[in-house]
Structure formats: structure tokens, C-alpha cells
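I opened this model to look up its helices and its charged pairs. My notes follow in the order I took them.

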Amino acid sequence: MPGDLRDPEQTFPFYYDPRYREAPNQFEPGAFNINEYLQSIVEETTGKRLNSDQLQNLRMYLEDKGFFHRNPGSESFRMEVQKRIKRRAMARKVALYYGRFK
């Protein structure tokens, strides 16, 4: 039984409706950019982005701990990045407070 003929999606099988976002091509998903993903977590946590040296240090830390062999979308990965960023911020506050590393 055919659908409603007044609906253009029923009449034309490849009709594009501008009300809906176009779905990504599942056969060409693109490369996963870990740097931008880490920056998004850091920006969500602190409100600022890391410079390239700080980002490289964060990547080296996560690589040494073996977190790149896990699923980066998991909650444990996100929690570890947030914990590392918060520790770094706290260490910086303490160092600036005591004036040892100006």
C-alpha cells in the first residue's frame, strides 16, 4: 500500500527536506581528531584552551598511563583528563601563591 501521495518523501524517494539535518556519510566517517576532543574537554572544564606545549604534555601523560588504548568516549577517559587539568590548575595556583616559580 503506498503512503500519502501529498508527502514529497513518499513520492520522491530521495527528496531532501530542509527541516532535518543531513546525516553524515557512514561510508566516509572522517578521521577522529584527538587534539580537538581533548581541547573540548579542557574548555568545558576550565573555560580556556591549552597551548600546544600544554596539549603535548597532556597527550604524553595520557599515553604513558595507557589511556589512548581505551575508548576515548568512555567516562573514565573524560574523568582522567578532567582530573589532570584540575591538578595542573591547582598546582599553578599554589606555585603562584607561594611565589616560588615566578
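I began at a helix end. Just after helix 3, I found Gly-66 with a positive phi of about 85°. This is a predicted model, so I am reading computed geometry throughout.

I then went to the other end of helix 3. Asn-51 caps the N-terminal end there. One of its side-chain oxygens lies 3.2 Å from the backbone nitrogen of Asp-53.

Next I checked the length of helix 3. It has 14 residues, which at 1.5 Å a residue should span 20 Å. The end C-alpha atoms are 20 Å apart, so the two agree.

Which residues of helix 3 are buried? I listed Leu-55, Leu-58, Tyr-61 and Leu-62. Looking down the axis of helix 3, I saw these buried residues fall within an arc of 120°, so they line one face. The face turned away from them carries exposed Ser-52, Asp-53, Glu-63 and Asp-64. The buried residues of helix 3 pack against helix 2 and helix 4.

I moved on to helix 2, residues 34-46. Its 13 residues should span 18 Å at 1.5 Å each, and its end C-alpha atoms are 18 Å apart, which agrees. At its start, a side-chain oxygen of Asn-33 comes to within 3.3 Å of the backbone nitrogen of Asn-35. Just after helix 2, Gly-47 takes a positive phi of about 90°.

I noted Ile-34, Tyr-37, Leu-38, Gln-39, Ile-41 and Val-42 as the buried residues of helix 2. They pack against helix 3 (52-65) and helix 4 (75-98).

Last came the charged pairs. How many salt bridges are there? I count four.

Arg-49 and Glu-36 meet in one, at 3.4 Å, N to O. Arg-49 sits in the loop between helix 2 and helix 3, and Glu-36 in helix 2, so the pair ties together parts 13 residues apart in sequence. Arg-49 is partly exposed at 43% relative accessible area, and Glu-36 is partly exposed at 41%. I also found Glu-36, Glu-43 and Arg-49 linked in a network of salt bridges.

Glu-44 pairs with Arg-78, with the closest N and O atoms 3.5 Å apart. This pair links distant parts of the chain, Glu-44 in helix 2 and Arg-78 in helix 4, 34 residues apart. Glu-44 is exposed, at 54%.

Glu-80 forms a salt bridge with Lys-83, the closest N and O atoms being 3.5 Å apart. Being three residues apart in helix 4, Glu-80 and Lys-83 are separated by about one helical turn. Is Glu-80 buried or exposed? I logged Glu-80 as buried, at 10% relative accessibility. Lys-83 is partly exposed, at 40%.

Methods. Residues are numbered from 1 along each chain as its sequence is written. This is a predicted model: local features need pLDDT of at least 70, side-chain atom pairs count only at pLDDT 80 or more; totals for chains, interfaces and linings use all residues. Side-chain values use heavy atoms; hydrogens and water are left out. Helices (H or I, at least four residues) and strands (E, at least two) are DSSP runs, numbered from the N terminus. The expected span of a helix is 1.5 Å times one less than its number of residues. Buried means under 20% relative accessible area, exposed over 50%, partly exposed in between (1.4 Å probe, protein chains only). Contact means heavy atoms within 4.5 Å. A polar contact is a pair of N or O atoms within 3.5 Å; within protein, one must be able to donate a hydrogen and the other to accept it, and residues adjacent in sequence count only if both atoms are side-chain atoms. The arc is that of the directions from the helix axis to the C-beta atoms. A salt bridge is a side-chain nitrogen of Lys or Arg within 4 Å of a carboxyl oxygen of Asp or Glu.
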